[in-house]
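Hi there,

Here is the model I promised to pass on to you. Have a look at it first, and then read my notes below.

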Amino acid sequence: MTKTDSPPEWMTIEEVADYLKLSRSKLYAMAQGGEIPCSKVAGQWRFFRPEIDEWMLKQRPSGLGGAGEDSRGE
């Protein structure tokens, strides 16, 4: 994958919605509710891709390697 094929480090709401396969309206609600890591710059939401990736990994259900568990589920 070339640099131009990978998502940018800082992403717009449209880019994140596509990246996560979520609707823009759902993502707006999550951003406004503080449910997803983001920043508001000049009235526009921006998302730092490494934080989004880390946040996604923490969304895993228990028993699937989520935060606080090792590979044995402990």
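The side chains of Arg24 and Glu14 form a salt bridge, with N and O 3.8 Å apart; a salt bridge here is a side-chain nitrogen of Lys or Arg within 4 Å of a carboxyl oxygen of Asp or Glu. This pair ties together distant parts of the chain, with Arg24 in helix 2 (residues 24–32) and Glu14 in helix 1 (residues 13–20), 10 residues apart. Helices (H or I, at least four residues) and strands (E, at least two) are DSSP runs, numbered from the N terminus. Arg24 is partly exposed at 44% relative accessible area, and Glu14 is partly exposed at 38%. For these classes, buried is under 20% relative accessible area, exposed is over 50%, and partly exposed lies in between (1.4 Å probe, protein chains only).

Before going on, please keep in mind that this is a predicted model, where local features need pLDDT of at least 70, side-chain atom pairs count only at pLDDT 80 or more, and totals for chains, interfaces and linings use all residues. Residues are numbered from 1 along each chain as its sequence is written, and side-chain values use heavy atoms, with hydrogens and water left out.

The axes of helix 1 and helix 2 come within 9 Å and cross at roughly 110°; axes are lines fitted to C-alpha atoms, for helices over the stretch in contact, with angles running from 0 to 180 degrees between N-to-C directions. The two helices are therefore roughly perpendicular to each other (under 35 degrees counts as roughly parallel, over 145 as roughly antiparallel, 65 to 115 as roughly perpendicular and the rest as oblique). On the helix 1 side the contact uses Ile13, Glu14, Val16 and Ala17, and on the helix 2 side Arg24, Leu27 and Tyr28, where contact means heavy atoms within 4.5 Å. By class, this contact has 5 nonpolar, no polar and 2 charged residues (Ala, Val, Leu, Ile, Met, Phe, Trp, Tyr, Cys and Pro count as nonpolar, Asp, Glu, Lys and Arg as charged, and the others, Gly among them, as polar).

In the loop between helix 1 and helix 2 sits Lys21. Lys21 has a positive phi of about 60° although it is not a glycine, and it is exposed at 66% relative accessibility. Ala42, in the loop between strand 2 (39–41) and strand 3 (44–48), likewise has a positive phi, near 50°. Ala42 is exposed, at 79%.

How many salt bridges are there by this rule? The count comes to 3. Another of them joins Glu9 and Arg49, at 3.2 Å from N to O. Glu9 lies in the segment before strand 1 (10–11) and Arg49 in helix 3 (residues 49–58), 40 residues apart. Glu9 is partly exposed at 39% relative accessibility, whereas Arg49 is buried at 17%. Glu54 also forms a salt bridge, with Lys58, the closest N and O atoms being 3.2 Å apart. Both lie in helix 3, 4 residues apart, about one turn of the helix.

Of the 74 residues, 20% are buried.

Best wishes
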